[in-house]
Amino acid sequence: MKNSIVMVTGGAGFVGSHLVEALLANGNEVHVLDVVPLEQAKNLQEVRDHEKLHYFVGDLRKQEDIEQFWQKDASVIFHLASVVGIKHYIRDPLSLVDIVVIGTRHILTEAAKYNTKVVFSSTSEVYGKNPEVPWSEESDRVLGPTYVDRWSYATSKAVCEHMLYGMKKQSGLPFVIVRFFNVYGPRQNPDFVVSQSIYKAMRGEQPLLYDDGNMTRCFTYVEDIVRGLMMVAENPAANGEAFNLGNSVEVNMRYVIETVLEITESNAGYQEYLTEKEYGKQYEDIIRRIPQIDKAAELLGWKAEIQLEEGILKTVEWAKQNQWWLGEGGTLGTVKVSQQ
Ligand SMILES: NC(=O)c1ccc[n+]([C@@H]2O[C@H](COP(=O)([O-])OP(=O)(O)OC[C@H]3O[C@@H](n4cnc5c(N)ncnc54)[C@H](O)[C@@H]3O)[C@@H](O)[C@H]2O)c1
């Protein structure tokens, strides 16, 4: 993706900021919409003054913000803005539904007007707790009851996917759905397994081991994800398709923490953390989460290249150079979107 006009929602966030940097490096005019003001967007501090970065503070929930932000000549919109992280959607599932479902509807309405290609960031969560791993893009969605708040995220993202397929039927809108599997890397909020473990270990604190530590995930380094996003945006063969973007190597939580402690040379050990105590009895977790990756490999030539040990090392090296991330509260002063 070179020398084009592109739009990115959620560009001040973790994945979004890495994407914005890569798009700028390729000579694109990059228009970002985010609810966080630019001066607070620490994730973008290295490119804040870039002449090709155009920043718009707006809220997905306001159609007028989307209209004002829209670039009619843009070749693509990467729609990444969302509420992310279990603790947020358990605390406030209604805001999550508003931002993801209503916000995405606003984006699609505008995209349909100008026939702008939409790359939608969905999630491996849409497969829910389907025990038949690895999941292909056609795998069933197996979710728990609606009174369990954690399913609000998977359901909202899946509604957006339905909207995209619907728009394709109605107006032929070009789109691609990408379902990320546990992304990690520099600048991620220290709320997620890898980032939290690195953050705590580097501060001399104990990383949290969730429940028995035997749950598994396939962790995907952010650079691999950015490469995948560029590929789906450029490749017309991707249009109308959904892709798993994930590493295929399955590891358990205990391994993540042990690897982080080793790489950071920490003797702090870990602290056991019971999700039932934190989230109540109705909390449900996903035991194994593994993608089938053949479709992205065959259609796009995409495969995750950076393995967990290397990705952790890169993130630790980055954190050493960026002490602000290790400060109290971690990353950027992310605005509490639910209170907007
Ligand atoms: N990080 C992961 O492991 C992961 C996994 C699966 C899917 N995803 C998806 O990838 C995308 C990016 O995730 P991330 O990890 O970078 O999250 P992030 O929280 O770092 O970034 C999300 C951005 O969206 C912005 N935002 C939130 N509400 C908004 C609103 N109402 N209007 C405008 N902007 C708003 C936030 O300010 C933030 O900058 C999300 O859509 C997420 O659902 C991420």
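Predicted model: local features only at pLDDT ≥ 70, side-chain atom pairs only at ≥ 80, totals over all residues.

Me: How far is a polar backbone atom of Leu-80 from an oxygen atom of the ligand?
Reply: Leu-80 is among the residues that come nearest to the ligand. Its polar backbone atom faces a ligand oxygen atom at 2.8 Å.

Me: What is the distance from a polar backbone atom of Val-183 to an oxygen atom of the ligand?
Reply: Val-183 also uses a polar backbone atom.

Me: What share of the ligand's exposed area does the protein bury?
Reply: Start from the ligand taken alone, which exposes 830 Å². The protein then buries 93%.

Me: Which element gives the most residues to the shell around the ligand?
Reply: Helix H1 (14-25), strand E2 (29-34), strand E5 (117-123) and H5 each give two or more residues. The top contribution is three residues, and it comes from E5.

Me: How many residues of the shell around the ligand are nonpolar, polar and charged?
Reply: There are 27 residues around the ligand. Phe-14, Val-15, Asp-34, Leu-80 and Tyr-153 come nearest. By class, the shell divides into 15 nonpolar, nine polar and three charged.

Me: Is Glu-125 buried or exposed?
Reply: Glu-125 sits in the loop between E5 and H5. Its side chain makes a polar contact of 2.3 Å with the side chain of Arg-150. The relative accessibility of Glu-125 is 5%, and the cut-off is under 20%, so Glu-125 counts as buried.

Me: Which side chain does His-79 join in a polar contact of 2.7 Å?
Reply: His-79 belongs to strand E4 (residues 76-79). At 1% relative accessibility, His-79 is buried. The 2.7 Å polar contact links its side chain to that of Thr-9.

Me: Which helix gives the largest share of the lining of the second largest pocket?
Reply: This pocket has a volume of about 150 Å³. Its lining includes Tyr-127, Glu-137, Arg-141 and Arg-179, and divides into four nonpolar, two polar and four charged residues. The largest share is four residues, from helix H5 (residues 151-171).

Conventions. Residues numbered from 1 in each chain as written. Heavy atoms only, no water. 1 Å grid on protein atoms, 1.4 Å probe; cavity = no way out; pocket = protein on both sides within 12 Å on 5 of 7 lines; lining within 4 Å. Points joined across faces, edges and corners; volume = space filled by probe spheres on them. Nonpolar A, V, L, I, M, F, W, Y, C, P; charged D, E, K, R; others polar. Near = heavy atom within 4 Å. Polar contact = N/O pair within 3.5 Å; in protein donor to acceptor, adjacent residues only side chain to side chain. Areas by Shrake-Rupley, 256 points an atom, 1.4 Å probe, with all protein chains shown as cover. Buried < 20%, exposed > 50% of the residue type's maximum accessible area, 1.4 Å probe, protein only.
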